[in-house]
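Here are some notes from my pass through this one, jotted down point by point. Have the model open while you read.

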Amino acid sequence: GMIGMTRTVRLKASWCEPAVIWAVVVGDSGVLKSPPYKRALAPVVALQVAALKAHRVALEAYRADLREYERRKKQSKDDDPGDPPAEPVCPRFYSRDTTMEALAGLLAQNPTRFLVARDESSGWLASFNQYKAKGGSDQANWLELHALGTLCVDRKTGDPKTIFVDGVGVSVGGGIQPGVFRTALTPDHFSAGIPARLLFAYPPRRKKEWTEDDVDPAAQAGY
């Protein structure tokens, strides 16, 4: 997910594939899917938290500059005060929200890399079948996001009313229980090729035993 659009694999002069990966770990409840998931996701969450904090600081400076601009504008009367300060955009490259409207708004300003990670992927798969009032479903939109296609969302409220993004991809990661997975994948999913785009990991169940082993600090720091 963090590679995003910064690199592609060129197979032929006219054929490139992006680093868009949909990864799902399958395992029964209680096999400890969550701890490694959280450890793998930790650097991404830390990066996003740091970006949000930096954006809050930039937003405060922007509001101060805007007040100063408005003051100069009132004093200048007929003189041109120049352009107002530009509102800072928060870098976003991680989210748990899977609604198309929310994703479209984020991708419009953050087209380079994006990861949707949910500990339980059942909600993500369920969103594929949520048909909209105007027809169509999120399944077609997700297929576009896997293939660096286009995404167009028309909104009744908000500005802009139409959000159009092109050439963006979204990687996905999470876990799911086998029984839930069987019911989540429908014949329509198979017809559309959804399972062919998923990378599965279904580790065999092992007996839980206490061990003093731990992650090597150097490896964790490097990661």
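1. Start with S4 and strand S5 (residues 115-120): the two run parallel and are joined by two bridges. To find the spot, look for Ser95, which stands opposite Val116 in S5. Keep in mind throughout that this is a predicted model.

2. Now zoom out to the whole sheet. It is an open sheet of five strands, in the order S4-S5-S8-S3-S9, and the pairing is parallel. Its edge strands are S4 and strand S9 (198-201), each of which pairs on one side only.

3. With strand S8 (residues 171-176), S3 pairs in the parallel sense over five bridges, and Trp22 has Val172 as its bridge partner in S8. S3 is also joined to S9, again running parallel, by four bridges; here Val25 has Ala201 in S9 as its bridge partner.

4. What about the two faces of S3? In a regular strand, side chains alternate between the two faces of the sheet. For S3, the covered face carries Trp22, Val24 and Val26, while Ala23 and Val25 make up the uncovered one.

5. On to charge pairs. How many salt bridges are there? With the cut-off of a Lys or Arg side-chain nitrogen within 4 Å of an Asp or Glu carboxyl oxygen, the count comes to two. In general terms, side chains of opposite charge can pair when their charged atoms come close.

6. One of the two is between Arg205 and Asp28, with the closest N and O atoms 3.4 Å apart. Arg205 sits in the loop between S9 and helix H7 (217-222) and Asp28 in the loop between S3 and H1, so this pair ties together parts that are 177 residues apart in sequence. Arg205 is exposed, at 56% relative accessible area, whereas Asp28 is partly exposed, at 32%.

7. There is also a salt bridge between the side chains of Glu68 and Arg71, at 2.4 Å from N to O. These two belong to helix H1 and are three residues apart, so about one helical turn separates them. Glu68 counts as partly exposed at 31% relative accessibility, and Arg71 is partly exposed too, with a relative accessible area of 39%.

8. Asp83 belongs to the loop between helix H1 (34-76) and strand S4 (94-95). Is Asp83 buried or exposed? Asp83 counts as exposed because its relative accessibility is 72% and the exposed class begins over 50%.

9. Two backbone angles deserve a comment. Leu32 is not a glycine, yet its phi is positive, at about 70°. Leu32 lies in the loop between strand S3 (22-26) and H1, and it is exposed, with a relative accessible area of 52%.

10. Leu148 is the other one to check: it has a positive phi of about 55° and is not a glycine either. Leu148 lies in the loop between helix H4 (138-146) and strand S6 (150-154). Leu148 is partly exposed, with 25% relative accessible area.

Key:
Residues are numbered from 1 along each chain as its sequence is written. This is a predicted model: local features need pLDDT of at least 70, side-chain atom pairs count only at pLDDT 80 or more; totals for chains, interfaces and linings use all residues. Side-chain values use heavy atoms; hydrogens and water are left out. Buried means under 20% relative accessible area, exposed over 50%, partly exposed in between (1.4 Å probe, protein chains only). Two strands pair if DSSP finds at least two bridges between them.
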